Amino acid sequence: MADNEIKKGLAGVIADETAVSKVNPETNSLLYRGYPVQELAATQPFEAVAYLLWHGELPSAAELAQLRATEREHRALAPEVKDAIDRLPLDSHPMDEVRTAVSVIGAIETAGISNVLDAVGTPEENLRRSLQLFAALPAIVSYGQRRRRGLEAVESRDDLDYAANFLWLTFGEEPGAVVVDAFNRSMILYAEHSFNASTFTARVITSTLSDLYSAVVGAIGALKGPLHGGANEAVMHIFDEIGSADQVEGWLDTALAEKRKIMGFGHRVYKRGDSRVPTMKAALDSLVAHYDRPDVAKLYETLESEFVSRKGIYPNLDYPSGPAYNLIGYDTLTFTPLFVASRITGWTAHILEQQASNALIRPLSAYNGPDERHIEEYEPDT
Ligand code: SDX
């Protein structure tokens, strides 16, 4: 019998099992296939973490080399994708560009599949599709930012691994080791987080035996929202609104009086702080030193201490990652697409897991509409 208590937002509801990651609010920890995310962020290239999420184990040197070779083969921005982005208004939201790009890739990749029962694809096909999207997203995201700045696309460089090449594609300059390390850490920290809204969206779509691309497009739509992935963009808007540390108190007085949600703070699962924040804050600190921007650290720390002391609500990963991406030179509107480029690994790991042990996801609802009533002139068929 159904448990008849309604759990709004599915808060606290365990919908299924997963072996991909473990979020533990009691110990404030996050494991990717058993490894603490802090250890992965401090020791691994993002490519190795992608392999771990898909395959369940860290790659050997040969397996990592193979993944890197395949990733290099699929970095180029496909002409159909570039054309689709170019047809969008220049001021389209970058998340809409990314969503459109993935949709175009999916339509091309699944062309010719006339029987919807074949849309879901085999595990091997979907592993290939996952790696191809992982490889293609840096070119899509960086092209969007360069297009908005009136700059031509930059060609990938095979002598650069994933993180360095992503930065090269965006800025057309060879990035320094400090920036590459901070960026690589952010990609690992954003990669996976159990049944968050966008991942669960991907699993719901996958559970109908729809295709991987449809599931990713749906996940991108969910991630765009400011209560979820869009928060890292919203954090930067808040920093821009406040301006400097000495304006924090007044700004917060007004914001809280208006009952505004302060983006970058709070979490549905973590209630005493997000396990990923210390690692991302350390990456931010390295960028603050690298770019000599102590003002950013002052504003960050003042807002955090003020808000935590007033509301007892702690920062989440979006709080340190917003200013970090800003220091690196990313446009604020590009922040959530960066989240997509990372979370594609977690989403696709969950899509593969859902397919391997599927059940259609279809919860119940409690009806609270009008009682049954009838059309007066209706005459039932005899
Ligand atoms: C991500 O799920 C995941 O794992 C997501 C994520 C991932 O890796 O996939 O971790 C990434 O999405 C992180 C969250 C990014 N979102 C934001 O930073 C947006 C701001 N945060 C809030 O909207 C909120 O904290 C949520 C949505 C994240 C979580 O909210 P809950 O668990 O649904 O709790 P709630 O909104 O009911 O808040 C409880 C109370 C409320 O006060 P009352 O109405 O009871 O008086 O706390 C208040 C809220 O108003 N509150 C906030 C707040 N967060 C909670 N008040 C002001 N600012 C905030 N940020």
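Residues are numbered from 1 along each chain as its sequence is written, and side-chain values use heavy atoms, with hydrogens and water left out. In this predicted model, local features need pLDDT of at least 70 and side-chain atom pairs count only at pLDDT 80 or more, while totals for chains, interfaces and linings use all residues.

**Exercise 1. Domains**

Solution. 

**Exercise 2. The largest nonpolar core**

Identify which residues touch the most other members of the largest nonpolar core, then list the contacts of Leu-303.

Solution. 
1. A nonpolar core is a set of buried Ala, Val, Leu, Ile, Met, Phe, Trp, Tyr and Cys residues joined through side-chain atoms within 4.5 Å. Buried means under 20% relative accessible area, exposed over 50%, and partly exposed in between (1.4 Å probe, protein chains only).
2. The largest nonpolar core has 95 residues, and Tyr-32, Phe-183 and Leu-303 touch the most other members.
3. Helix H16 (residues 335-356) supplies the largest share of this core, ten residues. Helices (H or I, at least four residues) are DSSP runs, numbered from the N terminus.
4. Both domain 1 (21-225 + 332-356) and domain 2 (231-328) give at least three residues to this core.
5. With neighbours within four places in sequence left aside, Leu-303 contacts Ile-238, Phe-239, Ile-242, Val-248, Trp-251, Leu-252, Phe-265 and Tyr-319.

**Exercise 3. Helix H9 and Asp-211**

Find which residues of H9 are buried, and which side chain makes a polar contact with Asp-211.

Solution. 
1. The buried residues in H9 are Ser-198, Thr-199, Phe-200, Ala-202, Arg-203, Thr-206 and Ser-207. The buried residues of H9 pack against H10 and H16.
2. Leu-209 follows H9 and has a positive phi, near 70°.
3. Asp-211 sits in the loop between helix H9 (197-207) and helix H10 (212-224).
4. Asp-211 is buried and has no salt bridge; Arg-129, the nearest side chain of opposite charge, is 6.1 Å away. A salt bridge is a side-chain nitrogen of Lys or Arg within 4 Å of a carboxyl oxygen of Asp or Glu. For charge, Lys and Arg count as positive and Asp and Glu as negative; His and the chain ends are not counted.
5. The side chain of Asp-211 makes a polar contact of 2.5 Å with the side chain of Ser-214. A polar contact is a pair of N or O atoms within 3.5 Å; within protein, one must be able to donate a hydrogen and the other to accept it, and residues adjacent in sequence count only if both atoms are side-chain atoms.
6. Neighbours within four places in sequence aside, Asp-211 contacts Ala-119 and Val-120.

**Exercise 4. Glu-233**

Determine whether Glu-233 is buried or exposed, and which residues it contacts.

Solution. 
1. Glu-233 belongs to helix H11 (residues 231-242).
2. Because its relative accessible area is 13%, Glu-233 is buried.
3. Beyond its neighbours within four places in sequence, Glu-233 contacts His-93, Thr-332, Leu-333, Phe-335 and Thr-336.
4. With the side chain of His-93, the Glu-233 side chain makes a polar contact of 2.9 Å.

**Exercise 5. Salt bridges**

Solution. 
1. Lys-82 is partly exposed at 31% relative accessibility, and Asp-86 is partly exposed at 34%.
2. Lys-281 is buried at 16% relative accessibility, whereas Asp-285 is partly exposed at 33% and Glu-301 is partly exposed at 37%.
3. A network of salt bridges links Glu-47, Arg-68, Arg-72 and Asp-161.

Methods:
Helices (H or I, at least four residues) and strands (E, at least two) are DSSP runs, numbered from the N terminus. Domain bounds come from an automatic or database domain assignment. Contact means heavy atoms within 4.5 Å.
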